[in-house]
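This report describes selected features of the structure shown below. It treats a surface patch and then a set of paired strands.

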Amino acid sequence: MRVALCAATYRRPEGLARLLEAVAALQVSAVPGLDLAVVIVDNSSEAAARAQVAASGERFPWPLHYVSEPRRGITFARNAALERATALGCDFVAFIDDDEVPGPRWLVALLAAQRRSGAAAVLGAVEPVFPPQTPNWLIEGRFFETHAFADGAEIGDAHTANVLIDLRRLAALGLRFDHRYALTGGEDTMLFRDLLDAGGRIVYAADAVVYETVPASRARLAWLLRRWYRTGNVEAALYLRGRRRGPWRRPVNALRGLLRVTVGGGLFLANLLVLGFGRKHRIVRPLYTLCRGCGILSSTLGWNYSEYREVHGT
């Protein structure tokens with residue numbers, strides 16, 4: 001069984017160093033016949049990570065492949081990873097981000113869940129690691145935690161922060177990341193929705209844990225509001241490309257956005273009046289609904305937030 005462990009990187013040398021160190025320490029001896037390769041796709045135009053990856057490769061326990069993809073955008077980088085994994089004859093591809101580190105048995109847990117279920121994709125858990133002096137309300141609100149499911153549960157969504165994909169199944173369906181979402185994000189949501197629509201299954205592996213470093217530039221309300229707004233953009237795009245397409249979808253989408261804005265705004269004001277500023281995470285929570293509604297409205301009108309134009313962390 002050949003597996004490509006893939007990560008896209010963009011001007012994060014410290015994050016990449018932590019990732020490579022943790023990948024080198026993975027415990028995979030329990031997987032019989034595993035043939036592992038690691039693929040790092042550098043999305044910077046100046047090939048900034050080439051020397052770093054080459055230096056790491058000299059002492060790496062598995063083949064370490066460097067790919068330069070100068071076209072800016074997360075979709076270009078991730079499709080380049082799929083292409084290299086295909087060229088290597090891999091059966092599966094595991095994606096992780098360059099601001100994350102895997103637990104020692106992360107890959108073993110993903111592969112075990114796939115073997116038990118036969119699923120087209122396996123999603124793992126992402127746990128945030130906050131910088132010093134992060135506001136308590138932000139941690140108490142659990143705004144950076146991904147949704148957890150029962151181990152082995154079949155789920156209806158996935159993301160590339162921690163996932164194993166059956167590469168041959170992906171190729172058979174002709175699925176790749178959509179370049180329309182190169183800078184906005186949401187490309188992984190679209191790909192996994194297409195996979196589900198084609199009859200593929202996604203299961204959850206509770207023990208497949210990665211740890212995401214939250215930089216100080218993200219550990220603040222302004223970034224959360226922008227992220228929630230962007231998730232509204234993605235939700236709008238998903239709705240507009242639904243199975244029963246028609247001109248009625250756009251006005252209905254706008255109404256969905258208005259409803260969320262109304263509900264979120266009303267709950268925010270109610271919480272503010274009842275709770276004051278003493279429990280900030282409770283005050284902030286309805287802003288998720290409000291911002292998501294704004295994102296649905298703006299995307300319906302053709303305006304989308306390009307989240308990946310900005311770099312967070314080092």
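## A nonpolar surface patch

Patches consist of residues with over 30% relative accessible area and no salt bridge, where like charges are joined within 9 Å and nonpolar side chains (Val, Leu, Ile, Met, Phe, Trp, Tyr) within 5 Å. A salt bridge is a side-chain nitrogen of Lys or Arg within 4 Å of a carboxyl oxygen of Asp or Glu. Accessible areas come from the Shrake-Rupley method with a 1.4 Å probe, and for residues only the protein chains shown count as cover.

The model is predicted: local features need pLDDT of at least 70, side-chain atom pairs count only at pLDDT 80 or more, and totals for chains, interfaces and linings use all residues. Residues are numbered from 1 along each chain as its sequence is written, and side-chain values use heavy atoms, without hydrogens or water.

On the surface, Leu 259, Val 263 and Leu 267 form a nonpolar patch with about 270 Å² of accessible area together. Leu 267 belongs to helix α9 (residues 249–275); helices (H or I, at least four residues) and strands (E, at least two) are DSSP runs, numbered from the N terminus. Because its relative accessibility is 44%, Leu 267 counts as partly exposed (buried is under 20%, exposed over 50%, partly exposed in between; 1.4 Å probe, protein chains only).

## Strand β2 and its neighbours

Strand β2 (residues 35–42) is largely enclosed by the rest of the structure, because seven of its eight residues are buried. Strand β1 (residues 2–9) runs parallel to β2 and is joined to it by eight bridges; two strands pair if DSSP finds at least two bridges between them. Val 3 has Leu 36 in β2 as its bridge partner.

Five bridges join β2 to strand β3 (residues 64–68), and these two strands also run parallel. Val 39 stands opposite His 65 in β3. From β2 the chain crosses through helix α2 (residues 50–57) to β3 in a right-handed β-α-β crossover, meaning that, with the strands pointing away from the viewer, the path from the first strand over the helix to the second runs clockwise.
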